[in-house]
Amino acid sequence: MGYFRRNKIGLYLPVKVSLTTTQDIPNQALRRRHEQNLDAAKESLRANDVTEREFTFITMSIDKSKINDAKKMIRDFRDKMCSYLEEGAKNEVYELSIQLFPRTKLLREKE
(Lines give C-alpha, C1' and ligand atoms only; values in the text may rest on other atoms or scores of the structure.)
Protein backbone atom coordinates (compact mmCIF):
# COMPACT_ATOMS: atom_id res chain seq x y z
CA MET A 1 0.00 0.00 0.00
CA GLY A 2 3.05 2.23 0.08
CA TYR A 3 2.85 3.39 3.70
CA PHE A 4 6.08 1.67 4.77
CA ARG A 5 9.41 0.79 3.21
CA ARG A 6 12.12 -1.59 4.38
CA ASN A 7 15.59 -0.15 4.92
CA LYS A 8 18.90 -1.90 4.15
CA ILE A 9 18.95 -3.85 7.41
CA GLY A 10 15.30 -4.94 7.16
CA LEU A 11 13.59 -2.45 9.48
CA TYR A 12 10.24 -1.00 8.44
CA LEU A 13 10.13 2.79 8.16
CA PRO A 14 7.03 4.90 7.54
CA VAL A 15 6.92 6.67 4.20
CA LYS A 16 4.42 9.20 5.56
CA VAL A 17 4.39 10.38 9.14
CA SER A 18 0.62 10.13 9.58
CA LEU A 19 -2.55 9.45 7.62
CA THR A 20 -5.90 10.68 8.90
CA THR A 21 -9.28 10.03 7.34
CA THR A 22 -12.64 11.66 7.86
CA GLN A 23 -14.61 10.76 10.98
CA ASP A 24 -18.34 10.09 11.11
CA ILE A 25 -18.81 10.94 7.42
CA PRO A 26 -19.91 8.16 5.02
CA ASN A 27 -17.07 7.27 2.65
CA GLN A 28 -17.18 4.27 0.28
CA ALA A 29 -13.39 4.02 -0.12
CA LEU A 30 -12.92 4.01 3.65
CA ARG A 31 -15.68 1.41 4.02
CA ARG A 32 -13.86 -0.84 1.54
CA ARG A 33 -10.61 -0.36 3.50
CA HIS A 34 -12.37 -1.38 6.72
CA GLU A 35 -13.71 -4.48 4.95
CA GLN A 36 -10.19 -5.34 3.78
CA ASN A 37 -8.93 -4.87 7.33
CA LEU A 38 -11.60 -7.24 8.69
CA ASP A 39 -10.67 -9.83 6.04
CA ALA A 40 -6.99 -9.51 7.01
CA ALA A 41 -7.94 -9.90 10.69
CA LYS A 42 -9.79 -13.14 9.87
CA GLU A 43 -6.73 -14.42 8.02
CA SER A 44 -4.48 -13.50 10.96
CA LEU A 45 -6.83 -15.34 13.32
CA ARG A 46 -6.28 -18.50 11.24
CA ALA A 47 -2.59 -18.04 10.37
CA ASN A 48 -0.83 -16.33 13.28
CA ASP A 49 0.07 -17.89 16.60
CA VAL A 50 -1.85 -16.56 19.60
CA THR A 51 1.42 -15.11 20.96
CA GLU A 52 1.63 -12.81 17.89
CA ARG A 53 -1.88 -11.38 18.02
CA GLU A 54 -4.60 -10.18 20.40
CA PHE A 55 -8.29 -10.65 19.62
CA THR A 56 -10.78 -9.77 22.30
CA PHE A 57 -14.37 -8.66 22.60
CA ILE A 58 -17.07 -8.00 25.14
CA THR A 59 -20.84 -7.87 24.70
CA MET A 60 -22.56 -5.36 26.94
CA SER A 61 -25.83 -3.57 27.51
CA ILE A 62 -25.12 0.17 27.27
CA ASP A 63 -26.55 3.67 27.48
CA LYS A 64 -26.57 4.67 23.80
CA SER A 65 -26.23 8.36 24.68
CA LYS A 66 -22.58 7.62 25.60
CA ILE A 67 -21.55 6.47 22.10
CA ASN A 68 -19.88 9.77 21.11
CA ASP A 69 -17.83 9.75 24.32
CA ALA A 70 -16.91 6.09 23.72
CA LYS A 71 -15.76 6.87 20.18
CA LYS A 72 -13.52 9.66 21.47
CA MET A 73 -12.06 7.34 24.12
CA ILE A 74 -11.34 4.69 21.45
CA ARG A 75 -9.64 7.26 19.20
CA ASP A 76 -7.55 8.59 22.09
CA PHE A 77 -6.51 5.04 23.03
CA ARG A 78 -5.63 4.27 19.40
CA ASP A 79 -3.41 7.35 19.16
CA LYS A 80 -1.66 6.61 22.47
CA MET A 81 -1.07 2.98 21.48
CA CYS A 82 0.34 4.07 18.13
CA SER A 83 2.76 6.49 19.77
CA TYR A 84 3.90 3.82 22.22
CA LEU A 85 4.39 1.04 19.65
CA GLU A 86 6.16 3.26 17.11
CA GLU A 87 8.97 4.01 19.59
CA GLY A 88 12.15 1.97 19.08
CA ALA A 89 13.09 -0.39 16.27
CA LYS A 90 10.47 -0.85 13.58
CA ASN A 91 10.87 -4.47 12.52
CA GLU A 92 7.27 -5.51 11.88
CA VAL A 93 4.06 -3.93 10.55
CA TYR A 94 0.91 -4.47 12.64
CA GLU A 95 -2.65 -3.19 12.40
CA LEU A 96 -4.79 -2.34 15.41
CA SER A 97 -8.53 -2.72 14.92
CA ILE A 98 -11.14 -1.89 17.51
CA GLN A 99 -14.81 -2.41 16.69
CA LEU A 100 -17.77 -1.05 18.62
CA PHE A 101 -21.12 -1.76 16.98
CA PRO A 102 -24.75 -2.45 17.93
CA ARG A 103 -25.80 -6.08 18.08
CA THR A 104 -29.45 -5.48 18.97
CA LYS A 105 -30.26 -3.84 15.63
CA LEU A 106 -28.52 -6.61 13.69
CA LEU A 107 -30.29 -9.30 15.73
CA ARG A 108 -33.69 -7.62 15.22
CA GLU A 109 -33.16 -7.55 11.45
CA LYS A 110 -32.50 -11.32 11.42
CA GLU A 111 -35.78 -12.09 13.23
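**Exercise 1.** Leaving aside its neighbours within four places in sequence, with which residues is asparagine 37 in contact?

*Solution.* The model is predicted: local features need pLDDT of at least 70, side-chain atom pairs count only at pLDDT 80 or more, and totals for chains, interfaces and linings use all residues. Residues are numbered from 1 along each chain as its sequence is written, and side-chain values use heavy atoms, with hydrogens and water left out.

Step 1. Apply the contact criterion, heavy atoms within 4.5 Å. With neighbours within four places in sequence set aside, the partners of asparagine 37 are Glu95 and Ser97.

**Exercise 2.** Classify asparagine 37 and leucine 100: buried, partly exposed or exposed?

*Solution.* Step 1. Take the classes: buried is under 20% relative accessible area, exposed is over 50%, and partly exposed lies in between (1.4 Å probe, protein chains only).

Step 1. Asparagine 37 counts as buried because its relative accessibility is 13%.

Step 2. Leucine 100, in the loop between α2 (67-85) and α3 (104-110), counts as partly exposed because its value is 41%.

**Exercise 3.** Describe the protein chain as a whole.

*Solution.* Step 1. The chain contains 3 helices and 2 strands, in the order β-β-α-α-α along the sequence.

Step 1. Of its 111 residues, 3% are buried.

Step 2. Among contacts with a separation of 6 or more, 47% join residues 24 or more positions apart.

Methods. Helix = DSSP H or I, 4+ residues; strand = E, 2+ residues; numbered from the N terminus.
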